[in-house]
There are 2 protein chains.
Amino acid sequence: MKQIDSVKNPQVKAWKKLHNKKDRDKQGLFMVEGFHLVEEAIKNKDCVKELIIRESIEVPAQWNIDGIEITVVNEAIIKLLSDTETPQGIIAVCFQTKHAEIIHTAQKVLLLDAVQDPGNLGTIIRTADAAGVEAIIVGEGSVDVYNPKVVRSTQGAIFHLPIVKGDLLEMISLLKEREIAVYGTSLQNGKVYTCVKPSNEFALVVGNEGNGVSEKVLEQTDQNLYIPIYGKSESLNVAIASGILLYYLRGM
Amino acid sequence: MKQIDSVKNPQVKAWKKLHNKKDRDKQGLFMVEGFHLVEEAIKNKDCVKELIIRESIEVPAQWNIDGIEITVVNEAIIKLLSDTETPQGIIAVCFQTKHAEIIHTAQKVLLLDAVQDPGNLGTIIRTADAAGVEAIIVGEGSVDVYNPKVVRSTQGAIFHLPIVKGDLLEMISLLKEREIAVYGTSLQNGKVYTCVKPSNEFALVVGNEGNGVSEKVLEQTDQNLYIPIYGKSESLNVAIASGILLYYLRGM
């Protein structure tokens, strides 16, 4: 166990840099904080690089932390590193994992085209996990998966399934080679979602909060679907739409 | 058109009080702000008491504002009244409507048991509207429907369907007298939701983010349902669960 007491320590500065996407990507790392998220991280031990805990915090006895490096820090350092107003005093530094190969085997795939709200992205990841999705592909223009608000909104699901950053058109082409049906979502053109038969294998593309899935992606799908609006609202939130479609498409 | 230029004007103070639930209920009013929400309010003209606009803001020509009182105010007053960081400069003061009688006629009803997150409540209202729900009953312990964050998250749906504050047990009893099937939601006990047949008439109860629907409510329903979790997440967000269940239960 190491101890660091100065906010000017170079290691503290390196951690603090993980608040920026650019540095997260450069270091290939991201931070999660709070007991629930850190516990979820530790269940996937390979992804944990190290733990940072505040003096007087005790790691729960049932956690398997063998071999994980721990650094004890003071309140000032925790405050500096935390993204929340009342930090719980426990942070895990985790590896960004790649998983690019999953596109060749996953049977239920969710593709995200420029989802921009961190809360939406996190909730979509949580929902996809619950619905048994086996891989999430995050295309260009989406908010960073390792953004602290996204990670928090996943409630740990970020550690439950492979999440891959990738080019949607390439990924769709790979899925089609495997003869997996790829469904886009569109308010304008397409069929009512219930006209598709639920299946063990499918890929679904959901899109940007304002503009939906881009035209060039919609052109490459096998079929585009919409959810009927029976009331006066103009649309559904993208996370809600994802939940309805994923649970419908997978069947029971 | 009136003009007010002092933040100390008694009318301004009365409006500002609408930031508090107690005063909202006492005055029977609430505020909505921004062009989209105010436009939705004006489409339901009877609910608009008056408009407050910043100097130099023009009300869009296509809005039907005949007979609606307008007060022009300065930037300082708008900032005082607004709940957002960059106010659009247009606010409608609206009447809280009652609609208690809707419970006797609505065929699709959503009941909320202590939903506490404003974003969740707003998204649930928006989703219920989209799914064609005809009445929402908000039970004790839920966040106030007229909370500015709730109103904003509804994206206008708060003006699209009757929302009634009421006692859930009483309301369930009235629905059962009308022979409408009342479904609770529960992670522990109940049937998989897909074992229920979609129908033109149903009532669904969803519950608190942490504790779900209370025991005493679950005891009064006709059947309690759950959504299977196929992945490692512990649960679904309550707004997501509402979307999946409402779209399933109503059928096509």
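Trainee: How much area is buried between chain A and chain B, and what share of it do carbon and sulfur atoms give?

Mentor: Keep in mind that this is a predicted model. Chain A and chain B bury about 2,700 Å² between them. On chain A's part, Y230(A), Y247(A) and M252(A) supply 25% of what that chain buries against chain B, more than any other three residues. As for carbon and sulfur atoms, their share of the area between the chains is 60%.

Trainee: Which element gives the largest share of the side of chain A that touches chain B?

Mentor: Chain A puts 33 residues into the contact, and chain B puts in 33 residues too. On chain A, the elements giving two or more residues are α3 (35–43), α5 (118–130) and α9 (238–250). The largest share is six residues, and the element behind it is α9(A).

Trainee: How many salt bridges are there across the interface of chain A and chain B?

Mentor: Chain A's side does have six charged residues, next to 15 nonpolar and twelve polar ones. Polar contacts turn up as well, with 18 residue pairs between the chains. For salt bridges, though, the rule finds zero.

Terms used
Residues are numbered from 1 along each chain as its sequence is written. Chains are lettered from A and ligands numbered from 1 in the order in which they are written. This is a predicted model: local features need pLDDT of at least 70, side-chain atom pairs count only at pLDDT 80 or more; totals for chains, interfaces and linings use all residues. Side-chain values use heavy atoms; hydrogens and water are left out. Contact means heavy atoms within 4.5 Å. Buried area is the accessible area (1.4 Å probe) that two parts lose on being put together, summed over both. A salt bridge is a side-chain nitrogen of Lys or Arg within 4 Å of a carboxyl oxygen of Asp or Glu. A polar contact is a pair of N or O atoms within 3.5 Å; within protein, one must be able to donate a hydrogen and the other to accept it, and residues adjacent in sequence count only if both atoms are side-chain atoms. Helices (H or I, at least four residues) and strands (E, at least two) are DSSP runs, numbered from the N terminus. Ala, Val, Leu, Ile, Met, Phe, Trp, Tyr, Cys and Pro count as nonpolar, Asp, Glu, Lys and Arg as charged, and the others, Gly among them, as polar.
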